[in-house]
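User: I would like to learn how to read the packing of a protein chain from its coordinates. Could we go through the features one at a time, with the general idea before the case at hand?

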Amino acid sequence: MLDYIQLFKDRHLFNQCTNEENLNNLLNKKKITFYIGFDATADALHAGSLVQLRAIKTLIKHGHEAIVLLGGGTTKIGDPSGKDSARKILSYDEIQNNIDNFKRIFEHYFRDHKQSIKFINNNDWLSTLNYIELLRDVGSHLSINRMLTFESVKERLKREQSLSFLEFNYMVLQSYDFLYLNKNYQCDLQIGGSDQWGNIVLGMEIISKINKKDAFGLTTPLLTTSTGKKMGKTEQGAVWIDQQKYSSYDFYQYWRNVDDKDVKKLLLIFSDLKTDEINELITNDINAAKKKLAFCVTADCHSEISAKEAEEKAISIFEKKSIDQLDVIDLTESNSLNILDVISSYNIVPSKSEVKRLITGGGIKIENESIVNHNYTFSKNDNGKTLKVGKKKIFKLKYT
């Protein structure tokens with residue numbers, strides 16, 4: 001008998017769940033259907049979502065079946081969970097475009113598990129809901145007193161920040177999703193991020209009252225560093241899972257450069273290595289462990305070929321010091337040769353103020369010589385030289 005809950009805890013995929021013992025028994029008794037929902041509020045997923053994707057893979061590998069619920073309907077409302085203000089309302093065309101991108105990303109990520117996963121859009125049923133019937137059939141089973149105790153609502157009200165009636169209805173729709181999937185797909189378990197706990201529990205309660213069945217909920221933790229800081233952000237912005245938005249090399253480098261203290265936890269989450277193997281790897285060579293982590297995550301999200309290419313490029317640049325492997329900044333095509341304009345236009349850092357901060361701190365160098373002037377202008381003399389931005393970003397300058 002496999003202790004699924006302990007497995008999730010050991011691999012840092014567990015935040016909390018409802019009735020651990022009964023859920024564990026259910027997962028051992030039969031192959032269940034579970035689901036995780038993703039609202040399409042952006043055109044791609046960032047690294048923070050990887051914990052949930054790994055949770056899906058963990059259960060799939062043990063024979064269970066997954067539903068990835070694409071939130072075409074709920075995205076029209078906007079989830080208030082974890083937010084200080086209402087989300088931006090997207091047009092239906094924007095939502096559909098994001099849904100299409102999500103499906104492409106998911107299909108690639110789960111490319112080896114196609115038989116064990118369904119992709120379903122909740123817009124299929126939410127868009128046809130009759131409001132009066134929803135109030136009569138579902139609303140009569142929901143307690144406003146209970147809903148006001150949920151963290152996503154309580155925190156907004158506590159800070160006296162506006163919570164619209166539109167947003168307040170979000171948890172009703174998410175609960176209805178669970179009810180619908182339980183009835184039509186025999187879905188017994190909902191998994192979500194830690195901020196989804198209240199919504200999940202509400203769904204379980206109406207399943208018990210309306211479908212007369214037991215259902216379960218499990219939440220995953222945020223992806224954080226050892227200091228508690230959220231992971232998945234860089235100076236350039238979000239670390240996107242989508243290869244079209246974030247190159248395999250940059251993705252590889254993000255994981256290659258994590259803090260030593262975070263390597264063990266991240267290998268437990270993002271690799272299939274056993275704990276003893278991970279401990280041995282870290283003890284013997286922390287840099288080798290970081291390379292292993294970067295390779296595993298990049299191979300998982302992009303491909304083994306992409307991971308290998310990124311690894312070889314990193315070795316060539318940082319170990320063999322090969323200038324030919326560097327990304328090129330073509331100054332000939334630049335509208336301006338001012339260092340602030342060039343670096344910000346190539347999206348190396350997000351803003352000119354950040355470029356200034358790096359220059360002030362000696363963080364921008366040409367051929368290992370720090371730039372000290374914010375008004376530095378590139379010239380043909382810089383052709384073929386290396387430009388280093390921060391600790392790890394190195395480019396080859398071209399000016400013909």
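User: Which residues is Ile56 in contact with, leaving aside its neighbours within four places in sequence?

Analyst: Contact here means heavy atoms within 4.5 Å. On that reading, and with neighbours within four places in sequence left aside, Ile56 touches Phe34, Ile36, Ala66, Val68, Phe110 and Ile117. Please keep in mind that this is a predicted model, in which local features need pLDDT of at least 70 and side-chain atom pairs count only at pLDDT 80 or more, while totals for chains, interfaces and linings use all residues. Residues are numbered from 1 along each chain as its sequence is written, and side-chain values use heavy atoms, with hydrogens and water left out.

User: How many residues does the largest nonpolar core have, and which have the most contacts inside it?

Analyst: In soluble globular proteins, nonpolar side chains tend to be buried together. A nonpolar core is a set of buried Ala, Val, Leu, Ile, Met, Phe, Trp, Tyr and Cys residues joined through side-chain atoms within 4.5 Å, where buried means under 20% relative accessible area, exposed over 50%, and partly exposed in between, with a 1.4 Å probe and protein chains only. The largest core in this model has 69 residues, and Leu50, Ile56 and Trp255 are those with the most contacts inside it. Helix 3 (residues 50–61) gives the most to this core, with 7 residues; helices (H or I, at least four residues) and strands (E, at least two) are DSSP runs numbered from the N terminus. A second, separate core of 30 residues includes Tyr35, Val138, Leu142 and Phe150.

User: At what angle do the axes of helix 13 and helix 14 cross?

Analyst: Two packed helices are described by the angle between their axes and the distance between the axes. Axes are lines fitted to C-alpha atoms, for helices over the stretch in contact, and angles run from 0 to 180 degrees between N-to-C directions. The axes of helix 13 (residues 263–270) and helix 14 (residues 275–284) cross at roughly 145° and come within 10 Å. From helix 13 the contact draws on Val263, Lys264, Leu267 and Leu268, and from helix 14 on Thr275, Ile278, Asn279, Leu281 and Ile282.

User: How many aromatic pairs does the structure hold, and how is the pair of Phe38 and Phe106 classed?

Analyst: Rings of Phe, Tyr and Trp (its six-membered ring) pair if their centres lie within 6.5 Å; planes under 30 degrees apart count as stacked, over 60 as edge-to-face and the rest as tilted. The structure holds 11 such pairs. In one of them, the rings of Phe38 and Phe106 have centres 4.9 Å apart and planes at 50°, so the pair is tilted. Phe38 lies in strand 2 (residues 33–38) and Phe106 in helix 4 (residues 92–109), so the pair ties together parts that are 68 residues apart in sequence. Both Phe38 and Phe106 are buried. Trp125 and Tyr180 form a stacked pair, with 4.0 Å centre to centre and 15° between the planes. This pair links distant parts of the chain, Trp125 being in helix 5 (residues 123–126) and Tyr180 in helix 10 (residues 170–185), 55 residues apart.

User: Is Trp125 buried or exposed, and what about Tyr180?

Analyst: Trp125 counts as buried at 5% relative accessibility, whereas Tyr180, with a relative accessible area of 25%, is partly exposed.
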